[in-house]
Amino acid sequence: MAGYATQLGNARNGQASGYPTVWRTADYEYCIVTRLDWHILICQRPRSGTSWTVVDVTNIALTGAYDPTFGPVEVSDSHYAVSMAVDGQGYIHLSGNMHQEPMKYIKSVNPHDISAWAQAPNPSNWLVSGADVSTYQAYEVFSDGTLIWIQDQSDTLNPVGRDQTMWRLGPNPGDTWEPCLGTGEIMSTINLGVNNLADTDSVPDRAYMLNLFVDKNDTLHCVFVWRIETNDPATMQEHFYVRSHDKGSTWENVLGEAVSAPFTYRQILDGVNGVGVAAIRVNGVSIKGSGTGGRCVDKDGNFHYVAWGSGVNDSSDFPQITPGNLHNHIWWDGTAWQIEQIIG
């Protein structure tokens, strides 16, 4: 669904910064489509396979945002992607179409009904965990209908200290978005203050979520990475993997050793005070890179993901990897992390 990367295509449908863009419940299928004129469409059909119902949500009014409506998609910036989820009560949630801007988040007025929408309230503690400034949006769901919502958030209104936050919405009537732990931060950077960007080799300025996935046993799997230099994707540090068996409240590494959260640099990569190391390393060499792709677990429950990007993946540390803008398959084989190149 990626389409063309020009105004003539629908490049925003498949952007990695908006996940997911399709959803299935017991009775319905949903998808987000970016139309040729960059309007945002939400589509629904019964799982019986009849025709799609389509609604344009571009002009839903927002309050307090830079843009007074939810859309259309900003053509010149691929960060403007939209994500979707359906909660345990059947309400449809859409968020995104922003790049370091106040939250754009709308929700269906009625369950399983795409005809009427309203601006939805931000999670509790949203302004406690940081400023009303965000970009990347992603959702996952547990078997009981509980939703996980993860996104970046700036500590201040300038681009300093971009953290990752994680929120949980229960499946019962009256449930609201609550932080999975603490104030909502799952992965923190150091806020150095206004006009004092990090951009040093010892202090990360940005935090990114590369992958999240809930398996059939309701284990939540995540891959994260820090960026050191503000505007340099080549300074992405080691990928690290963690998982949670209690919907984001507590965490462990691939060996099952407890990992403290929120995750901080470099403790999560090196281990401290007996806490297990969570960095993804193949034969002792760290996996780095700036991009993301698919993720899953195999029949034995081992985690797999696809990533693209720069860094050590392009070096002689991995003879199976050739230089270039790579797409790599990385997985835990039950004993160690492995890597292979799947496309150059």
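Q: What makes β6 and β7 count as paired strands in this predicted model?
A: Two strands pair when at least two bridges link them. β6 and β7 have five bridges, in the antiparallel sense. Therefore they count as paired. Within the pair, A85 stands opposite H93 in β7.

Q: What lies between β6 and β7 in their hairpin?
A: Five residues separate the two strands. G90 sits in the turn and has a positive phi of about 95°.

Q: Why is β6 described as largely enclosed by the rest of the structure?
A: Five of the five residues of β6 are buried, so the strand is largely enclosed.

Q: Which residues of β6 point one way, and which the other?
A: V82, M84 and V86 point one way. S83 and A85 point the other way. All of them are buried. In a regular strand, side chains alternate between the two faces of the sheet.

Q: Which residues touch the most other members of the largest nonpolar core?
A: They are I42, V57, L94 and W117, in a core of 34 residues. The elements giving two or more residues to this core include β3 (28–34), β4 (40–46), β6 (82–86) and β7 (92–96). The largest share, four residues, comes from β6. In soluble globular proteins, nonpolar side chains tend to be buried together.

Q: What is V57 in contact with, leaving aside its neighbours within four places in sequence?
A: V57 is in contact with I40, I42, F70, L94, I106 and W117. Contact here requires heavy atoms within 4.5 Å.

Q: Which residues does the second, separate core include?
A: This core has 28 residues, among them A138, M166, I186 and M187.

Q: Why is Q151 called buried?
A: Buried means under 20% relative accessible area. Q151 has 0% relative accessibility, so Q151 counts as buried. Q151 is found in strand β11.

Q: Which residues does Q151 touch, not counting those up to four places away in sequence?
A: Q151 touches M103, W126, S134, Y136, Q137, D163, Q164, T165 and W167.

Q: How do you know whether K216 is buried or exposed?
A: Exposed means over 50% relative accessible area. K216 is at 79%, so K216 counts as exposed. K216 lies in the loop between β15 (206–214) and β16 (220–227).

Notes:
Residues numbered from 1 in each chain as written. Predicted model: local features only at pLDDT ≥ 70, side-chain atom pairs only at ≥ 80, totals over all residues. Heavy atoms only, no water. Core = buried A, V, L, I, M, F, W, Y, C linked by side-chain atoms within 4.5 Å. Buried < 20%, exposed > 50% of the residue type's maximum accessible area, 1.4 Å probe, protein only.
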